[in-house]
Amino acid sequence: MALNANDAEQIGAWVDAQSALLGLPLAPEHRPGVIRYTQLVMGLAPRVMDFALTPREESGSVFVPVSPGAAE
């Protein structure tokens, strides 16, 4: 089932289910903010996921630190 970011009731049910699944208590006064933030992230996610990365930008299996200001 695909979630509809515009359906606060559906997102609320998903937030409740995830909270229970993770064993993460969610205070009632925080729930509206979590729902709103989830809707915001769902709206931004397609833009992030559709952004093409080159092989140089893809994550690698080895971390190589670079000093600040190093030429590329």
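I take a residue as buried under 20% relative accessible area, as exposed over 50%, and as partly exposed in between. With that cut-off I looked up Asp16, which at 35% relative accessibility counts as partly exposed. I keep in mind throughout that this is a predicted model.

**Entry 1, overall form.** I began with the secondary structure of the protein chain and found two helices and zero strands. I then checked the radius of gyration, which is 18 Å and thus well over the 11 Å that the globule rule gives for 72 residues, so I note the chain as more spread out than a compact globule. Along its principal axes, I read for the C-alpha trace a span of about 50 × 25 × 20 Å.

I looked up how many of the 72 residues count as buried, and the share is 11%.

I listed 4 positive and 8 negative charges in the protein chain, and their mean positions lie 5 Å apart. Side chains of opposite charge can pair when their charged atoms come close. How many salt bridges does a search of the whole structure find? The search returns one, and I identified the partners as Arg31 and Asp16, whose closest N and O atoms are 2.8 Å apart. Since Arg31 belongs to helix α2 (residues 31-49) and Asp16 to helix α1 (residues 8-22), the pair ties together parts that are 15 residues apart in sequence. I also looked up the cover on Arg31, which at 29% relative accessibility counts as partly exposed, and I recall that Asp16 is partly exposed too, with a relative accessible area of 35%.

I followed Asp16 to Leu44, a residue 28 places away along the chain, and found their C-alpha atoms separated by 21 Å.

Notes:
Residues are numbered from 1 along each chain as its sequence is written. This is a predicted model: local features need pLDDT of at least 70, side-chain atom pairs count only at pLDDT 80 or more; totals for chains, interfaces and linings use all residues. Side-chain values use heavy atoms; hydrogens and water are left out. Helices (H or I, at least four residues) and strands (E, at least two) are DSSP runs, numbered from the N terminus. The radius of gyration is taken over C-alpha atoms; the globule rule is 2.2 Å times the number of residues to the power 0.38. Buried means under 20% relative accessible area, exposed over 50%, partly exposed in between (1.4 Å probe, protein chains only). Lys and Arg count as positive and Asp and Glu as negative; His and the chain ends are not counted. The place of a charge is taken as NZ of Lys, CZ of Arg, CG of Asp or CD of Glu. A salt bridge is a side-chain nitrogen of Lys or Arg within 4 Å of a carboxyl oxygen of Asp or Glu.
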